[in-house]
Amino acid sequence: MVLTLFFFSGATALVYEVVWSKLLSQMFGSTIYAQTVVLAAFMGGLALGNLIVGRWSDRLRQPVRAYGCLEIAIGIYALLFLALDRVADQIFVGIGTHIVERSGLLLALKGVLSVGLLLGPTMLMGGTLPLLAAWLQKSYSDPGRRSARFYSVNSLGAVLGAALAGFWLVQTFGMVATLRITAAVNVIVGTLAILLSREATGEDARQGVPTEVLGGNKISNLKSEISNPGWAGLIVALTGGISMGLEVLSSRSLALIFGSSLQSFAVVLISFILGIGLGSAWIASARRTAMLSERRVIVLLCLAGGWVALLVFNIERWVDLYRFMHTQLSRTPAGYVYHELMITGMSMVILGLPAALIGAVLPLMMRVVSEGSAHLGARVGALLTWNTLGAVVGTLFAGFVLMPEAGLRNAFVILAIALALTALATAWRQGWGLAGAGCLGLAAVVGSIFIFGDKDWQSVMSSGVFRIWETKFDPNVMGLRKEHVKILFYDDGPDATVSVEQGDGTVAPAAMGLRINGKSDAGTLRWDLCNQLLLAHLPLLAKPGAKDVFVLGLGSGMTAGGALSFPIERLDVAENCEPVIRASKLFADWNHHVLSDPRTHLWNEDARTVLKLQSQVYDVIITEPSNPWTVGVGSVFSREFYELAARRLKPGGIVAQWFHLYDMNDDILRLVLRTFGSVFPFMEVWDTGTGDIVMLASKQPWTTGPEVFRRGFANERVRTDLEMIDIESPEALLTRQLASQRTGFAIAGSGPLQSDLDPILEYAAPRAFYIGAGSRLLNDFDERTRQQLLAPEAKRRTLGSLPMASAQLVFVDFLTVNGELGGALFGAEPHGGVPCAFQTPFPSPPPDAGGGAIAEASRAFAGGNLAQAEQLAEQAVKETPGNAQAEYLLRVIEREKQTSEAGQKLAGR
């Protein structure tokens, strides 16, 4: 029964690690340094708990009761965590405001607060196994094996916790309820442990089984080959460090193959812990008595090192295997489930197998050091301490030294060599010459991988294979990519793998592109160009005279450089990925040399942290994050982030938010629009190309239209930028406005919001990305087609009078998100007889041609009869409850009435 309780203890610990890390990343920002500080604080607390509790655990008369008390204390702390988190956030803001420009001090502050929040509960977690080891020694004849068994079961429980947190709990219940549910489990586990402590005497001890019996085998002839516990500690420290280094490297490399979604990282974590759990369970078996030898460590480490080297050497075959298996899956919700199971299986082979081999070392040592020891709790606690400290060092060294300096591929090779050398040192200590020669040979073979293959690795791993959708597997794809795509820049940074590539027009466009973790994020492709430039120009054209601008995300630098085309005084750019900053210099001729402009202030920090801690206010805030299916990006689409941005806007300031419609669905688009509009009630939606939109929003309405834009067009640099994307006049620019302030706010309707404590987006977006259907929601709300009667009269006149050639020019190369509009403008399907506000080559039906209450309501609205329009729209809702078009129309009518009443009051004054 106690073993079962310890299983659930492991599950709750991983849920806490996931949830607490999320909360702290929202507080401190999502930079790799902040995330590592949090992880180090978590693991450091575990190590301290292993050490301190382990030292006094053997003296307790009822260790199981003490274990139960620890579990209850952990649960109570979890219930208090959100309140403590808010206090820590206030301290962070209070102190961080004064040191925001001093990155070292700011990182130290994050470290101190992380330790303050995590040290207590993690020490309690770290003390649980030493307590149970002490109990096992008092109650059973083979406490070492049983301690190893408890370790393996706790690890398998952690697998369950990681799976629940990554795929179900947070997604279903949100962060708050997840914490409460998990805390309740801890309290139940602790209470049951206390109740059981009265009877928690092992069967062997009660029945008087002689202590020399171990798993049915005599141990009198078993001689421990590890006479020095210090050597055992060194071994588990090294293996702990190497295994965590492999986990860091595998997370990064598998994300390049599977994609950087939260679910992909959860799968890697599950595979890693499951490997450790299975390896521990294997070594904890009563049948493994003959394996209690330091020589077995040599075999385990050599096998793990050889397997890692083999995987690195055959990376292209693994990528091809993934591509082949990918082609067998359908792009459906069921296919998504199978995909996750598929990558879990691959992760188990790639990472889980070496994790099992290395992970077997610690429980093996537990069994060996238990022989003849009267203080098993202390010895187990010491081993766990060394193992955890080694894991902390391994994480830091692999992430911040080894991978950036040697590269991802070579870092794997170095760790494989480290495994072979650790085995060699063990063989030398044992005087096992044959094994030593084998270890030395393995190190030499593995080291030979340094000589060749690095360029192939870069080409394959930067390809974004997870975005290659094939109906039939083509084995030549990667070879053609290596032949026709030139890698101009490649860097395995601590936080991401960043590359810049140049295609020759054969298998990739003849353009330069920036990729982050294999995903194309920016570049000189025509659709990227239009999106990047309009994201800067739209808010600044709408806000003439803007002086201070903030940009979230540097990318290629073209958006930030576009802002410099205007006579602004200050440009703050927050980019939390340092390799992106270096890569952007390759686009200097395209981005107006943004990094060398004296007006630019670059922050190598998370945008939320910058906006939270510095007091600068802005006329315009531009947010250009990565796709929301990328892990961590959902936090900059949350209501809390938009509230933070609103506090940093000057009166009348404008926020520009990029989003995409490809690989998304209508519900996600509504979620994003609704969340954005919940903070900024006045909104426009702009069409920036084949799959992208830009939302402009503010707390107050603003004046817009060609006359306002004309001030910006007077600037030669602005005109030059816009002419690059075929926009030659203010009137032509208006053709890209899909929804004006009159209707943009009304598109989403009521429903859930994306928030820090209910992060819907990071769970829904990866599924939508896999299915890849794309959202067509905006077709129904486009003022250039279906909703032109709701557009402002001035806009209708402008679009209707624009020469057909001018309208076509805007969309001929840079396309539109609305296929119906493209069909009407170029005389082709799929416009299907949809009304069009432009002059078109073939007749389009008039906008008032539709029948029914909604069409009549739209005509009444266009004629200024709001009362009749409202009555007809309400009639449509009664006739068809839940009619989205009618409810949208009612929201537009209600806002128009409020605007009219406010205008009348103002005129009356």
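Helices and strands here are DSSP runs, with at least four residues (H or I) for a helix and at least two (E) for a strand, and they are numbered from the N terminus. One thing to keep in mind while you look around: this is a predicted model.

Let's start with serine 556, which sits in the loop between E7 and helix H21 (558-563). Is serine 556 buried or exposed? The cut-off for buried is under 20% relative accessible area. Serine 556 comes in at 1% relative accessibility, so it counts as buried.

Who are its contacts? Leaving aside residues up to four places away in sequence, serine 556 touches Leu514, Ala522, Gly523, Gln532, Ser584, Phe587 and Asn591. Glutamate 569 is another story to trace on the model: it lies 13 residues from serine 556 in sequence, and the C-alpha to C-alpha separation is 21 Å.

## Strand E7 and its sheet

With 5 of its 5 residues buried, E7 is largely enclosed by the rest of the structure. Both of its faces are covered, with Asp548, Phe550 and Leu552 buried on one side and Val549 and Val551 buried on the other.

E7 belongs to an open sheet of 8 strands with mixed pairing, in the order E9-E8-E7-E10-E11-E13-E12-E14. The edges are taken by strand E9 (600-603) and strand E14 (737-739), each of which pairs on one side only. Going from one strand to the next, the twist averages 20°.

Which strands pair with E7? One is strand E8 (residues 570-574), joined to E7 in the parallel sense over 5 bridges; here valine 551 has valine 573 in E8 as its bridge partner.

## The antiparallel sheet

There is also an open sheet of 4 strands, ordered E3-E4-E5-E6, with antiparallel pairing. Strand E3 (485-492) and strand E6 (519-523) are at the edges with a single partner strand each, so one side of each has no neighbour in the sheet. Ignoring direction, neighbouring strands in this sheet are turned by 25° against each other on average.

Inside this sheet, strand E4 (residues 497-503) and strand E5 (residues 512-516) run antiparallel and are joined by 5 bridges. Serine 499 has arginine 515 in E5 as its bridge partner. Helix H19 (residues 477-484) lies across E3, E4 and E5, and runs at about 95° to E3.

## Helices H1 and H4

Two packed helices are described by the angle between their axes and the distance between the axes. Helix H1 (residues 2-28) and helix H4 (residues 103-126) pack at about 170°, with axes 12 Å apart. An angle over 145 degrees counts as roughly antiparallel, and H1 and H4 are therefore roughly antiparallel to each other.

On the H1 side, the contact is made by Ala13, Tyr16, Trp20, Leu24, Met27 and Phe28, while H4 brings Lys110, Leu113, Ser114, Leu117, Leu118, Pro121 and Met125.

## Aromatic pairs

Counting rings of Phe, Tyr and Trp as paired if their centres lie within 6.5 Å, the tally comes to 29 aromatic pairs. In one of these pairs, tyrosine 33 and phenylalanine 400 are stacked, at 5.1 Å centre to centre and with 20° between the planes. The pair links distant parts of the chain, 367 residues apart: tyrosine 33 is in helix H2 (residues 32-57) and phenylalanine 400 in helix H15 (residues 376-406).

As for accessibility, tyrosine 33 counts as partly exposed at 39%, and phenylalanine 400 is partly exposed too, with a relative accessible area of 24%. Elsewhere, Phe6, Tyr67, Trp135, Tyr140 and Phe150 form one aromatic cluster.

## Helix H29

Last stop: helix H29 (residues 761-771). Because 9 of its 11 residues are buried, H29 is largely enclosed by the rest of the structure. Its buried residues are Leu761, Glu762, Tyr763, Ala764, Ala765, Pro766, Ala768, Phe769 and Tyr770. After H29 comes glycine 772, which has a positive phi near 70°.

Conventions. Residues numbered from 1 in each chain as written. Predicted model: local features only at pLDDT ≥ 70, side-chain atom pairs only at ≥ 80, totals over all residues. Heavy atoms only, no water. Pairing = 2+ DSSP bridges. Axes fitted to C-alpha atoms, helices over the stretch in contact; angles between N-to-C directions. Parallel < 35°, antiparallel > 145°, perpendicular 65-115°, else oblique. Contact = heavy atoms within 4.5 Å. Phe/Tyr/Trp six-rings, centres within 6.5 Å; stacked < 30°, edge-to-face > 60°. Buried < 20%, exposed > 50% of the residue type's maximum accessible area, 1.4 Å probe, protein only.
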